[in-house]
Amino acid sequence: MERRWAWKDRENIQVLTFLNDESPVENDVCLLDDDEDDDELLDGGVLYESEEDKIRAGIVQKRLFSDRLCEQLEEQIEMVEEKANRGEYKKNTVDRSPLRVKYFFGEGYTYGDQLERKGPGMERLYPKTGPDAVDPIPEWIKKLVIAPCFRAGLIPSMEWANSAVINDYLPGGCIVSHVDPIQLFDRPIVSINLLSDSALCFGCKFRFKPIRVSPPVLRLPMKRGAVTLLSNYAADGITHCVRPEDVIHRRQVIIIRRVFPDAPRLPPPAVEPWNDLTRTVRLTPIYKSAIDERRGGTASRVSKGANSGRTLTGQYRKRQHSGDSEVASAEESSPPTPLTRKKHPRIVF
Ligand code: SIN
Ligand code: MN
């Protein structure tokens, strides 16, 4: 029977294995037997003592940004916010929810309730060009975030990072448990924590109305100025989230990732649906009636009842998310029209 020795250095978050006759250093080792119960603690040929250790093995954290550099980055994010408020970004660059704003640069993708077909694995990149594309990565992110990460040896090249997302959380804001879509993003997932200290939690379950979060398998402190890299089990084997109780003060994060060149992408829209008059007339009785009215006809006068038929259905349905947490969602079941299109609060990642 193969016997496996595991040696763990918690500070450097490294794990080495020694098989059979190789001699590990005393005091730093424990002898581990092959055992079916241990299967869950095996990862990449290494047997861990606990799930927490398995998560930690996939995490690297470094305080890369001084207070002065953090201030510079926070000022830049303030300018992004101002530009967004002036409406100067493309529509898919900015995604607002009540306690969180997300800004997508380089690449954007459909997620949560934006998905036509929901569930993990269904996320799709937006087209590279056209009205659905997002804005390019700003130069300041390249110079002040990607370059320092590259110089510190955290990412293999400047070009590696082709997607940058800024999340801006108000106190009590959160992000539900999820795994960053594996069909879209390479690992590691790199994030820089700004504005205030917070924490990333692993293995939580969310419940809603009122919001409740189960105790995490691991709570990872995120200091202002710290860079966190997730890979292996920490990125792929367990969900991560930000709990409302871990966002005491306004907090921002910049997430740097590599989108795979062959990641699934939505096709550019053939016709902008809102400009397609035929479709609008066919789908919305109120237009039909208005046109009839103008023509002097009465045949399709719209009753109050018919009008109220255009209300939303299927609101606040619960759904399973990443096989782990539930997300309360609001969705429009009827096609939106220029008259009634509403933005509903969503809880998404
Ligand atoms: C974070 O806010 O630190 C994590 C965000 C995410 O995983 O999308
Ligand atoms: Mn994530």
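Which protein donors hold the manganese ion (ligand 2), and how far from it do they lie? This is a predicted model, in which local features need pLDDT of at least 70 and side-chain atom pairs count only at pLDDT 80 or more, while totals for chains, interfaces and linings use all residues. Residues are numbered from 1 along each chain as its sequence is written, chains are lettered from A and ligands numbered from 1 in the order in which they are written, and side-chain values use heavy atoms, with hydrogens and water left out.

**View 1. The manganese site.** The protein donors of the manganese ion (ligand 2) are His 178 (NE2), Asp 180 (OD) and His 240 (NE2), which lie 2.1 to 2.2 Å from the ion. Donors here are N, O and S atoms within 2.8 Å of the metal (3.2 Å for Na, K and Ca), and water is not among the atoms, so sites may look incomplete. Along the sequence the donor residues follow the spacing H-x1-D-x59-H. Both His 178 and Asp 180 are buried, a word that stands for under 20% relative accessible area, with exposed over 50% and partly exposed in between (1.4 Å probe, protein chains only).

**View 2. The largest nonpolar core.** A nonpolar core is a set of buried Ala, Val, Leu, Ile, Met, Phe, Trp, Tyr and Cys residues joined through side-chain atoms within 4.5 Å. The largest has 31 residues, of which Phe 105, Trp 140, Ile 141, Ile 166 and Ile 256 touch the most other members. Helix H3 (139–151) is among the elements that give two or more residues to this core, and H3 gives the most, with six residues. Helices (H or I, at least four residues) and strands (E, at least two) are DSSP runs, numbered from the N terminus.

**View 3. Aromatic pairs.** A search of the whole structure finds six aromatic pairs, where rings of Phe, Tyr and Trp (its six-membered ring) pair if their centres lie within 6.5 Å, and planes under 30 degrees apart count as stacked, over 60 as edge-to-face and the rest as tilted. The rings of Tyr 89 and Phe 105 have centres 5.6 Å apart and planes at 70°, so this pair is edge-to-face. Tyr 89 lies in the loop between H2 and S7 and Phe 105 in strand S8, 16 residues apart, and both residues are buried. For Tyr 109 and Tyr 111 the ring centres are 5.4 Å apart and the planes stand at 55°, so the pair is tilted.
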